[in-house]
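Open the model in your viewer and keep the selection panel at hand. The tour goes chain by chain.

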Amino acid sequence: MCAVTLTVLSVLVFWATDILPGDAVGAVSGPDATDAEREAVRLALGLDRPPLERYLDWGGGVLHGDLGTSMVSGTDVTDIVGARLEASFAVILPAAGLLLVLAGGLGTWAGLRAGSRLDRALSGTTLGLIGTPDFLIATGLLLVFTLWWPVLPAVAIVPLGQSLWQQPELIVLPAAALALGGFGSTMRLLRACVVQSAASPYAEFARLNGVRGARYVWTVVSNAAGPAVHAFTIMLAGLLGGGVVVETLFNVPGLGYELTRAVGTRDVPLIQAISLLLGGATLLVLLAGDVLVRLLDRRHPREGQP
Amino acid sequence: MSGLRRWVFALPVGAVVTVAVIGPWLAPGSITAPVGRPFEPGGTAHLLGTDVLGRDVLARVLAGGRTLVLQAIAATLLGSLAGLSVGIGTARTCHRRTAAAGQRAVDAFAAVPAVLVLLLAASGSAGSDVVVAVAITAVSIPFSVRIIHERTSRLITTDYVCDARARGESGWAVIRYDLLPGIAPVALAEGGIRFVAATQLAATAGFLGLGAGAPTANWGRMVRENSTGLNANPLPVIVPAVLLVVLAVGMSALLDRLAVERAGGLEQTGQLA
């Protein structure tokens, strides 16, 4: 099933970048090129062949790990992607960790005290965060921490020969922006899971039996694990998309930054490779979440489960 | 929610939409010609000061919202329409397999990050606002289809729909008189959520420099263009940002209120973006 979806994704990616008007010829040959020059570029890029043939050629290459060469820099796309992957991970992983702790903790707390003042305050905050586009959250953080209270660097300029991991202060702002962007919806989903779990007969039974404190929290939380895992995988998938915006704003040399740059220069092989990678990664994350939820459900057979 | 509280959220949203739509007609002077040095602070000559190229910020703010709001509205309407027809269609069809395959395809497409779809569409044909609107529509359809499908499948098993079918009423009559009234509230709430998401995506597209090229004004792009001059004149960043936040947050707060009244939270009607 996943293979089919990935194939559909690859066709979409190829179609959007390769067949729609305004192909790479215009980008490579420049705006002043004559018709003869454009034709020469078209031939050199092999764009005169039928789309299906080119798709199969490209798809075959991808299967063998060959993503083609960049039209702008002339380097191997696999190398570029490999180099960018690390920076993306350096931002996304701390953001995911931060979200897990923040949304998980506050979601559980608000869910256990549904209707309290804290719950209502958090509900308002998250609504604001959901409504605010990611790039505004990121710009806001940039404003506060680099201008009004300048403690952190505005853009991530990684010294040559070092990786982003060695410069934790460069990661803080992008990761925080990414985490805040996903915080609203994730916390709301988790809160709903906990509220539902706390209202279940299982939790009521525990309450009536005098289970209190940490043990009660554990009872409720472990019962909410299935939907919560689902919420987290949706969040993780969302981070991959949000990463594009955040990386571009903070100049983090990651995949998303490279993608917006490649779109700007119409570097088709690079766009195709990164899109396929990001889309594929999202699908895999969602699939892994589904599998995990199945496993959890099998471990806790409950009544009334659909 | 009392009528008053509803207005508290609805008024700002309406005001921003109005400013966005009629703004370009009100813009004082040119939006592209420099009128002073870059990042002059706001004053009597230019109410909101000048931007990175010394252009009048007030004119650009007034001119920069229409595309964005129209993109969002068009994407919401088209997406809801597509969602309604496909959702009702897949719920009513007798071909179980077709319906299942359709759902699967919708799920697969929904998994692709929205920003990625935007970038892909923009790389296919750069500098077009219409393409951005189409991409936003494409992103919003899967969510609409899923919600409408679920709602319709639930309604279709109710006694009154079964009765209507047993009376031998035509498919259209069943949809028009038995299904649509039940779907309408859900579809409206869903459309609102899609509108918020579409506004955010349209603004993000402007921010990333997709859509129409550089000299045109766009609230999303203004935030990016002018972020270098925050020290000298923060207004060209803050004003468009506040307008965008008021639009999106006001709308989602309004929806949340309505959803709480009807069913209990946004979670019931699906997730944003």
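Two residues count as in contact if their C-beta atoms, placed from the backbone, lie within 7 Å. By that rule, residues 24 or more positions apart account for 71% of the contacts in chain A with a separation of 6 or more. This is a predicted model: local features need pLDDT of at least 70, side-chain atom pairs count only at pLDDT 80 or more, and totals for chains, interfaces and linings use all residues. Residues are numbered from 1 along each chain as its sequence is written, while chains are lettered from A and ligands numbered from 1 in the order in which they are written.

**Stop 1: chain A**

Select chain A and show it as cartoon. Its secondary structure comes to 13 helices and zero strands. Helices (H or I, at least four residues) and strands (E, at least two) are DSSP runs, numbered from the N terminus. Of the 306 residues of chain A, 42% are buried (20 or more other C-beta atoms within 10 Å of the residue's own, with C-beta atoms placed from the backbone).

**Stop 2: a helix pair in chain A**

Select residues 168–198 of chain A, helix 8, and residues 225–250 of chain A, helix 11. Their axes come within 8 Å and cross at roughly 155°. Axes are lines fitted to C-alpha atoms, for helices over the stretch in contact, and angles run from 0 to 180 degrees between N-to-C directions. Helix 8 and helix 11 of chain A are therefore roughly antiparallel (an angle over 145 degrees). Now show side chains. Helix 8 of chain A brings residues including A:Gly181, A:Gly182 and A:Leu189 to the contact. Among those from helix 11 of chain A are A:Gly238, A:Gly242 and A:Glu247. The residues of this contact divide into 14 nonpolar, six polar and one charged. Ala, Val, Leu, Ile, Met, Phe, Trp, Tyr, Cys and Pro count as nonpolar, Asp, Glu, Lys and Arg as charged, and the others, Gly among them, as polar.

**Stop 3: where the chains meet**

Bring in chain B. Here 39 residues of chain B are in contact with 41 residues of chain A. On the chain B side, color helix 4 (96–111), helix 5 (114–124), helix 8 (171–207) and helix 10 (235–262), which each give two or more residues. That side has 27 nonpolar, ten polar and two charged residues.

**Stop 4: the domains of chain B**

Color domain 1 (1–65 + 217–264) and domain 2 (67–216) of chain B; the bounds come from an automatic or database domain assignment. Their C-alpha centres lie 28 Å apart. The contact takes 21 residues from domain 1 of chain B and 20 residues from domain 2 of chain B. Finish on helix 10 of chain B: its nine residues are the largest share of the domain 1 side.

Methods: Angles under 35 degrees count as roughly parallel, over 145 as roughly antiparallel, 65 to 115 as roughly perpendicular and the rest as oblique. A residue is buried if 20 or more other C-beta atoms lie within 10 Å of its own, exposed if 12 or fewer, and partly exposed in between; C-beta atoms are placed from the backbone.
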